[in-house]
Amino acid sequence: VVYDEICTASPDRAKLITKARVNKLFTDNGRVVGIQYEKDGKNHRLDGSAVVVASGGFGAGVLEKTSAMSRIRPDLMHLPTTNGDHCTGDALDFVGEIGGGAVDLTDVQVHPTGLVHPKDPDGRVKFLAAGAL
């Protein structure tokens, strides 16, 4: 909520972009100074003095053979996911391209309460039971 207030009160200091896919980071002397993102089918560039990448998880990577999940935890690739199809770990790739790092990626939560749809018992995407309760 505080971030939303900053974006509203000082749009020149902070901008919140949702429902977009970042596909590139721009650097200058080792600092991230901007991003390129796709939204509504168009690429946009946003420059700034600081960039925070908050991309979510990579649990839906079990659906893609070349995903971050396949590289980091290939032992989990046979499991279904309760993550949305946007949770593929794309940020790990574009952050890695500029030398950025990440920690604790092998600590993947496997949720045992995915509901099985009777018409698609072998489906790889499950509905999170806890979300329905």
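In the predicted model, Asp90 and Arg21 form a salt bridge in which the closest N and O atoms lie 2.0 Å apart, a salt bridge being a side-chain nitrogen of Lys or Arg within 4 Å of a carboxyl oxygen of Asp or Glu. This pair links distant parts of the chain, with Asp90 in helix α3 (residues 90-97) and Arg21 in strand β1 (residues 21-28), 69 residues apart. Helices (H or I, at least four residues) and strands (E, at least two) are DSSP runs numbered from the N terminus. Asp90 is partly exposed at a relative accessible area of 26%, and Arg21 is likewise partly exposed at 39%; the class lies between buried (under 20% relative accessible area) and exposed (over 50%), for a 1.4 Å probe and protein chains only. Residues are numbered from 1 along each chain as its sequence is written, and side-chain values use heavy atoms, without hydrogens and water. As the model is predicted, local features need pLDDT of at least 70 and side-chain atom pairs count only at pLDDT 80 or more, whereas totals for chains, interfaces and linings use all residues.

The count under this rule comes to four salt bridges. Among them, Arg71 and Asp93 meet at 2.7 Å, N to O, and connect helix α2 (residues 68-72) with helix α3 across 22 residues. Arg71 is partly exposed at 48% relative accessibility, as is Asp93 at 36%. A further salt bridge joins the side chains of Arg73 and Asp75 at 2.8 Å, N to O; Asp75 is partly exposed, with a relative accessible area of 44%.

Pockets were located on a 1 Å grid over the protein atoms alone, as open sets of points where a 1.4 Å probe fits, with protein on both sides within 12 Å along at least five of seven lines; lining residues have an atom within 4 Å of a point. The largest pocket has a volume of about 1100 Å³, taken as the space filled by probe spheres set on the points, which are joined across faces, edges and corners. Of its 33 lining residues, Ile17, Val22, Ile35, Val52 and Ala54 are the closest to its centre. Strands β1, β2 (31-39) and β3 (42-47) and helix α3 each give two or more residues to this lining.

The second largest pocket has a volume of about 400 Å³. It is lined by 21 residues, of which Pro80, Thr81, Gln109, Val110 and His111 are the closest to its centre.
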